[in-house]
Protein chains: 2
Amino acid sequence: MSLTNATPLEVAQAARLGSRELAVLSTEERNAALTAIHRALADGKDEVLAANAKDLEAANQAAEGGTLSQSLVKRLDLGKKGKYEDMLQGILDVRDLEDPINKTTARTLLDDNLTLSRITCPIGVLLIIFEARPEVIANISALALKSGNAAILKGGKESSYSFAAIASIISTALSSTAVPSDCLQLVQTHDVIKDLLSLDTYIDLCIPRGGNKLVRFVKSSTSIPVLGHADGICTTYLCSDYPAQSATKIILDAKTSYPAGCNALEQLIVHESALTTSLPSIASALLQSGVSLRCDATSLSALQNSLDAHSATLLQPASDTDFDTEFLDLTLAIKTVPDLASAITHINTHSSHHTDAILTTSSSTAHAFLAAIDSASVYWNTSTRMADGQRYGFGTEVGISTNKIHSRGPVGLEGLTIYKWVLVGDGQVSAEYGAGGRKWKHEKVAVGEGEWVCADEEEREVLRRFREGRGKGANGV
Amino acid sequence: MSLTNATPLEVAQAARLGSRELAVLSTEERNAALTAIHRALADGKDEVLAANAKDLEAANQAAEGGTLSQSLVKRLDLGKKGKYEDMLQGILDVRDLEDPINKTTARTLLDDNLTLSRITCPIGVLLIIFEARPEVIANISALALKSGNAAILKGGKESSYSFAAIASIISTALSSTAVPSDCLQLVQTHDVIKDLLSLDTYIDLCIPRGGNKLVRFVKSSTSIPVLGHADGICTTYLCSDYPAQSATKIILDAKTSYPAGCNALEQLIVHESALTTSLPSIASALLQSGVSLRCDATSLSALQNSLDAHSATLLQPASDTDFDTEFLDLTLAIKTVPDLASAITHINTHSSHHTDAILTTSSSTAHAFLAAIDSASVYWNTSTRMADGQRYGFGTEVGISTNKIHSRGPVGLEGLTIYKWVLVGDGQVSAEYGAGGRKWKHEKVAVGEGEWVCADEEEREVLRRFREGRGKGANGV
């Protein structure tokens, strides 16, 4: 990694060149780089925490002055029990995941001795823009190197001392590995985000990690594909047949276990028959947990009639905008619908296509809901808070995508790869085929795992010469 | 299909609503719609050809006036022998492909009775902008319906009578099927492309089918993801060990079999040792086929010394811009390199990442090339003209993508799908897991083909009510 004050163009061009070399490193070479980073960051813990203390001091001052929130200060703190160790373990976890590149994912025999293979490969150069949390830099660096991608990192100014310390340690560690230092660059210059976002010739994918203001800004400022989500307006549709106790447990978890999360519940859609069955006890539990309920006219009236007098006074009428709002807080909007069709239409119109759930005992109803809802994650009888790469078994996540192109939902290593089509022939040409000529065979061939990684020592030597830019063409190549 | 003069916003909103219904139709319902379209277009051949004759008449006048090229006039002609029948057969070919949606592509047991499945689904609403060829409308309509996507079609004005006739026939045919007519809309209003390109709330993917001017315009005018390629600057790297006869056959095919194709060869990269071995006979054959050769200084000098006097006079010196140009004509740029590393660097810098080939007998050299070249298709000992969805066995293609996100290379039905994550539980919540709580199982589960399509009659009835917007909530849902 290099800490750089170079211009955005220089940064991007260097990352592009570095990415070409990184893409042809072996699994072992990329894993060895992660081992080296892990060891160096373990050894450099005191140094990083000292830098982090400086960031914390500045942040505490800002918090006292009212220009920074206390929750942001907490997110900055790398010294919190277990946080640094979790960051270190995360690097090893990523290292030990299956290599996502050089995998053959499809193979077709087009004709005798003419074989088409689809091989996974890195996307190229990633631009990661993130806010305060300093441990993200280690996490993202590990994901990028593991998947063979170069990364340009631009962090928030609140963590600048921590970032610089971590980047400096990673940089030294990488210098003893096969990974070119330009493959990870931490940009320290201010006000360069707009310039970086214009470099679509060199940067293949942009991943903003932060609040919806950041994501919206990035999406509207670049023609580079952006992976992420601006909003997390998640909903749950409550059917009257679902037991009140289970419904309460699920809805409380979805709303209260981490209200600031993008997968937290923001809207409860209630079938009208559930207004008098399960909704009252669910609403009581939510109110007791400090949740503000913003109810449409029908649910407000029903709850006022069924809740005790004190609880009833806590209910609030919903405005139209409440059904297009990500509260990120202990607030829940409640909407009554007459049927499944209305629930589906409401959710497809007002949710942010992140994660939506149905609670019902009816398999037919559930399947219809799961089929008709147009969201990245659709759940039956569980909490929207399940939407998370670690919970999905990806080891870690790059982010959560509400895009409908490439990757959707929690995105792991696979989302940082694409494929190339490799065609191996022995002199066949296109004009031989078609009317009156040879016929295509188009036979699907079963593929074993990783069989593309056939790299013999001679190939590795050719690639080494390519990487070192001093190929001598000894073999006439 | 509807022929519409509605505003772009009305068109896009209607397509979005239609797409929700189309997405939940069964395989049989979508296939039946393709059968109906096929039959109607077969019956309506005379009507379509009469409309096409009007377009041709106008085009011929424009060609005489010099405002339209003869090749464009040819592309307009649907009456050309076999063309109409090919268009009809294409609809049945697409119908008979495997259904790309509702396939389970991964499954993980997160915990007991908590199963995560990745299910393929349509992207949503496609915007297809195409130039003259009228048969594309039938082709694209078939691909969109088969994959469960709604499509907004905007064609070039040269084919307007043909488009209107085909759209009218498709519209009538669809009215007797389960496909809502708003799922296919042919926009007839002029000057609406810019407005359509701004509707990223309703349109999920834009596919421009036409020349690089159109593609560049679309890419620079929208924040909707664009699938396609602006340029097809394809290269072939000739090593000295590859037999001259096979090399000549491959290079002639790549350059001359269809010079206007995006997969045609534009640059020959020659190892310096091949300058005096195979290059002279290859150059002779190219010159005899009428190809203009634009040679760098080294290859120019070598060929002047080895070709006969007449041929030598035909050689042209290359300018720097020739190595960044898509000629789309019988012109080829020739570049000499000292080694594989230089060839890789040149190609990664100057090719358009569409299709690049190496000609060599060395497996190590070939594998190094295939690994290091950052293009959608990379070939060993065959012609760049092989890059085509039909040749790859996709049945048909939506286009060829040089994107590094989602789909790359020739794109078939699979490129028109994305997936959703379906999680089925029985009341589990996120707070039960983690430190001190339950442990995730994360067991991979083998998936059979198409097992998600479990739709029983009751589910289909629920979905029918949803589609018809008259769900009565009889079951409390």
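This is a predicted model: local features need pLDDT of at least 70, side-chain atom pairs count only at pLDDT 80 or more; totals for chains, interfaces and linings use all residues.
Side chains of opposite charge can pair when their charged atoms come close.

Salt bridges also occur between the chains: 10 are found across the interface of chain A and chain B. Among them is the pair of Glu432(A) and Lys249(B), with 2.7 Å between the closest N and O atoms. On the side of chain A that touches chain B, the residues comprise 46 nonpolar, 30 polar and 21 charged. The contact draws 97 residues from chain A and 97 residues from chain B. Together the two chains bury about 8,000 Å², of which 59% is on carbon and sulfur atoms.

The interface also includes strand pairing. Strands of a sheet pair through backbone hydrogen bonds, either parallel or antiparallel. Here, strand E17 (residues 417–424) of chain A lies parallel to strand E14 (residues 377–380) of chain B, and four bridges connect the two. Within this pairing, Val422(A) has Val378(B) in E14(B) as its bridge partner.

The pairing of E17(A) with E14(B) forms part of an open sheet of 11 strands with mixed pairing, ordered E18(A)-E2(A)-E3(A)-E17(A)-E14(B)-E13(B)-E8(B)-E9(B)-E12(B)-E10(B)-E11(B). At the edges are strand E18 (443–444) of chain A and strand E11 (316–317) of chain B, each of which pairs on one side only.

Further along the sheet in chain B, strand E10 (residues 292–295) and strand E12 (residues 331–337) run parallel and are joined by four bridges. The bridge partner of Cys295(B) in E12(B) is Ile334(B). Helix H10 (residues 244–256) of chain B packs on the sheet, where this helix touches strand E8 (234–238), strand E9 (265–271), E12 and strand E13 (355–359) of chain B. The direction of H10(B) makes about 155 degrees with that of E9(B).

Technical notes
Residues are numbered from 1 along each chain as its sequence is written. Chains are lettered from A and ligands numbered from 1 in the order in which they are written. Side-chain values use heavy atoms; hydrogens and water are left out. Contact means heavy atoms within 4.5 Å. Buried area is the accessible area (1.4 Å probe) that two parts lose on being put together, summed over both. A salt bridge is a side-chain nitrogen of Lys or Arg within 4 Å of a carboxyl oxygen of Asp or Glu. Ala, Val, Leu, Ile, Met, Phe, Trp, Tyr, Cys and Pro count as nonpolar, Asp, Glu, Lys and Arg as charged, and the others, Gly among them, as polar. Two strands pair if DSSP finds at least two bridges between them. Axes are lines fitted to C-alpha atoms, for helices over the stretch in contact, and angles run from 0 to 180 degrees between N-to-C directions.
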